[in-house]
Amino acid sequence: MTLRVYDIAHGRAGDKGNTANVSAIAYDEKGWEILRRLLTPERVMEAFAHLARGPVRRYELPRLHALNFVVENALGGGVTTTLSQDFHGKSLSSLLLAIELPEDEVASIQR
Amino acid sequence: MSPRRETVRVGAGAGYAGDRWEPALELVEKGNIDYLVFECLAERTIAREALTRLHNPELGYNPGLVERMRAVLPECLRRGVRIVTNMGAANPLAAARRIRQEAADLGINDVPCAVVLGDDVADTLRRHPELTLLETGDPLETILGRMEAANAYLGADAVAAALASGAPVVVTGRVADPSLFVGPMLYELGWDYDDYAVLASGTVAGHLLECAGQVTGGYFADPGKKNVPDPHRLGFPFADVTRGGAVVLGKPDGSGGRIDRMTCTEQLLYEMHDPTAYITPDCVLDVSDVDFVAEGPDRIRVEGARARKRTPSYKVSVGYRDGYIGEGQMSYGGPNAAARARLAGEIVRERLKLRGFAYAEMRIDYIGMSSLHGAAELRHEPYEVRLRVAARTQDRKAAEAVGGEVETLYTNGPAGGAGDFKAVREILAVQSVLLPRERVITSVALEAAP
């Protein structure tokens, strides 16, 4: 079965100007190991490519089992000028949580 | 500074201008708080209120000010809970006068209000067109002619100075969100700006509190996955902060919501970029080693925040007029709904072209499929689809035409269009510059009986 980020993590999105940040926080130790190894900035960029120019930076907070992704040029010029219905990009957390992780790599971590 | 007490309890009364007001009253009545802080200024709010002030010099503060004060002021005065708020927006002096008027109408005479001044740096910026806009790298000069407001994000020191007046209410314009909360800590606990450990504690507490319900189970629920008890009567948070910088977050006993490691972690990273360098006017905060430890039901200790010395400049938000956004919506349902919505979108695009309107940017969304995350071609077709056309332009007439053309789909477009909506709004865009600290002079004015 395909594992989504949503199955192992929760998160929230925020905005500053034209930059979005989205967190992914693992529910447990096992989820953290998968998240840390498989949710790469490249994978996040790929999921956001049709919305954001990037780049994507990833920060780790190991004590909290959390990753923070900063996505540049993601909000159509920023909250005040964007044509998007979602001015702040607040729904982008759900886009990140919907990312599907490759089955074989998940299996190799769980083994 | 010498400390006035060992511990202070600071509550968050609002996470934004239109927030619920009952939880603030609950904090006052049941939360045993010392300070009630209302953070109510979004990025562009001041520019909008500056326009209001142009039309009426006694306005320009947050429009919800009176209702919010009416709800909490009498009980705050009775219990000695001091209020700190940035609802002064573009006109904090007028806000203070209005609060005093409202108090008088409630039968409470002479409520002194201390007003923080100095965040309005529009005149200073007009003398420095060479400053660089952080977002685009262009000189400030390129937007100076359309500038409506420029406000520096002031720090906790400005709030503490106002508290030193003894006034039960402190009104500000732009102050950095966490700094509104750090102000009372600085004042009560006698903190200094060279003690980075306590500034880190205060700032992380302020950051966690600034969106009120967002740390107590608001903006968190995902039914079946992350459940929140009684979200309709979510309790708002407070922080107990000691002189030594220990921080424990909580919410009123018996209130709805939840506060725990999960809710705190989500809020810690909210609007955070590099976790080792969260810049506020008070310090550069590093939360990369922060942890949350449960102390009891709905009590969370915040550990591990660090900080470095504050930067030599203030961030200034510059609000300026930048054209218009026109928008129209129409719904389609049942068999072939998505195809009819797509045809409708194409018709609107062609009609606007045919009429000779040009747009800097146009966007066609199918609500139910692609309005949030795009990629309509990848989405399942739902039973109902709502077409949304939005476009940006400097020309007001072109902006009005967008909603107008969507409306004409009623009698001219695909079958079964329903539920038209149209709107035009003027864009108040925001960019930022950095201004050296010495160019920002803050002061405190006291509105009180002579």
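Two strands pair if DSSP finds at least two bridges between them. The close-ups below come from a predicted model.

**View 1. The β11–β12 hairpin of chain B.** Strand β11 of chain B covers residues 291-296, and strand β12 of chain B covers residues 299-303. The two run antiparallel and are joined by 5 bridges. B:Gly296 faces B:Arg299 of β12(B), standing opposite to it. The hairpin has 2 residues between its strands. In this turn, B:Asp298 has a positive phi of about 60 degrees.

**View 2. An open sheet of 3 strands in chain B.** The strand order is β9-β10-β13, with antiparallel pairing. At the edges are β9 (278-279) and β13 (306-308) of chain B, each pairing on one side only. Strand β10 of chain B spans residues 284-286. Between β9(B) and β10(B) there are 2 bridges, in the antiparallel sense. B:Ile279 has B:Val284, in β10(B), as its bridge partner.

**View 3. Helix α9 of chain B against strands β10 and β13.** The helix is formed by residues 196-209 of chain B. α9 lies across both strands. Its direction makes an angle of about 115 degrees with β13(B).

**View 4. Helix α8 of chain B and the residue just after it.** Residues 177-189 of chain B make up α8, 13 residues in total. From first C-alpha to last, the helix reaches 19 Å. That is close to the 18 Å expected at 1.5 Å a residue. α8(B) is mostly covered, with 13 of its 13 residues buried. Just after α8(B) comes B:Gly190, with a positive phi of about 70 degrees.

Note on methods
Residues numbered from 1 in each chain as written. Chains lettered and ligands numbered in written order. Predicted model: local features only at pLDDT ≥ 70, side-chain atom pairs only at ≥ 80, totals over all residues. Helix = DSSP H or I, 4+ residues; strand = E, 2+ residues; numbered from the N terminus. Contact = placed C-beta atoms within 7 Å. Axes fitted to C-alpha atoms, helices over the stretch in contact; angles between N-to-C directions. Expected span 1.5 Å × (residues − 1). Buried ≥ 20, exposed ≤ 12 C-beta atoms within 10 Å, placed from the backbone.
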